Amino acid sequence: MSDAVMNYITLNDGNKIPSIGFGVFMIPADGSTYKAVRVALDAGYRHIDTATAYFNEEEVGKAVLESGIPREEIFVTSKLWLSQYGYEGAKKGIERSLTKLGLDYIDLYLLHQPYGDVVGAWKALEEAKDEGKILSIGVSNMTPKLWNKFVSQFATLPSVNQIECNPFSQQKKMRAIMDKDNVKVECWYPLGHGNAELLKHPTITAIAEKYGKNAGQIILRFETQEGFITLPKSTNPERIKSNLDVFDFTLTEDELQAIRNMDTGTTSHDPDADGVGDYLLNAFKIED
Ligand code: A2P
């Protein structure tokens, strides 16, 4: 067991979420996900982020249940894939995730991509929340354009929007809309997916040297101080541990501002691009 300090954020529905979660995107379901999640839980993580389309929900659930940590102390997120959208499809998709995970409830469930019958799928999430099968509900990959198109039709506001977010992609326009309703940012690719230009950026490395921390820790501390929930992914046990060890120092306002100035206003993935929804729909096949 580690002595890692966990930091929590309160969502707009009153539920609390650990501000750093362990992301398992692209970790194979060949035992690697189970192993990585167990390492993460032993290191002190209490928040795991998976998805139907990551194909590793079973290993996540097994690791959570076999960890010996009380279920209520671990925050589990999963996501519905596009091919499961529409009201009926989403109802089935939620049950499928619960079965794969082997859990009685999911802490947070997201609509993974904002295309197709998003409104029907959202209604199924709202109902599952009312029934206690899901505790919080949210969306992912929404831009201002997609947010305005869909969220205006929702009865309940999302509690999070999980988007690409790191010092090069700070999502200022999307955040301005979300801030009005206290919808939290969740960062995917919080380390730029290992982008060397980001991890070796002189602004980051100078601050890292000052605090005796590594570049990844400075980036993750920036994100948590900005009020984001951040989801670093690693399969390396040392990096899994170090990515959580970011709560024993605080960046100054000048340092935060220097990192804010690194924003390029762009992202590597553009959810508004023509044909993205169709491309993604065909990118993963979810079996029943
Ligand atoms: P590895 O699994 O070998 O640790 P992101 O979370 O932004 O998608 O970034 C994940 C990528 O960054 C992975 O390739 C991961 O590799 C690498 N990575 C994770 N943590 C760190 C860190 N603290 N410093 C540098 N690279 C990291």
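## The sheet

What is the order of the strands in the open sheet of 8 strands? Reading across, you get β3-β4-β5-β6-β7-β8-β9-β10, and the pairing is parallel. Keep in mind that you are looking at a predicted model. If sheets are new to you, their strands pair through backbone hydrogen bonds, in either a parallel or an antiparallel way.

Now look at the two ends of that order. β3 (22–23) and β10 (229–230) are the edge strands, and each has a single partner strand, so one side of each has no neighbour in the sheet.

## A closer look at one edge

Let's stay with β3 for a moment. Its link to β4 (residues 47–49) consists of 2 bridges, and these two strands run parallel.

## Around the ligand

Next comes the ligand. The space it takes up is the largest pocket, and 15 residues surround it. The closest of them are L191, H193, S234, R239 and N243. Sorted by class, the shell holds 5 nonpolar, 8 polar and 2 charged residues.

Which residue has a polar backbone atom 2.8 Å from an oxygen atom of the ligand? That one is L191. K233 also brings a polar backbone atom to an oxygen atom of the ligand, at 3.0 Å. For T235, a backbone N or O atom lies 2.9 Å from a ligand oxygen atom. As for how covered the ligand is, it would expose 570 Å² taken alone, and the protein buries 81% of that.

Notes: Residues numbered from 1 in each chain as written. Predicted model: local features only at pLDDT ≥ 70, side-chain atom pairs only at ≥ 80, totals over all residues. Heavy atoms only, no water. Pairing = 2+ DSSP bridges. Helix = DSSP H or I, 4+ residues; strand = E, 2+ residues; numbered from the N terminus. Near = heavy atom within 4 Å. Polar contact = N/O pair within 3.5 Å; in protein donor to acceptor, adjacent residues only side chain to side chain. Areas by Shrake-Rupley, 256 points an atom, 1.4 Å probe, with all protein chains shown as cover. 1 Å grid on protein atoms, 1.4 Å probe; cavity = no way out; pocket = protein on both sides within 12 Å on 5 of 7 lines; lining within 4 Å. Sits in = over half its atoms within 2 Å of the grid points. Nonpolar A, V, L, I, M, F, W, Y, C, P; charged D, E, K, R; others polar.
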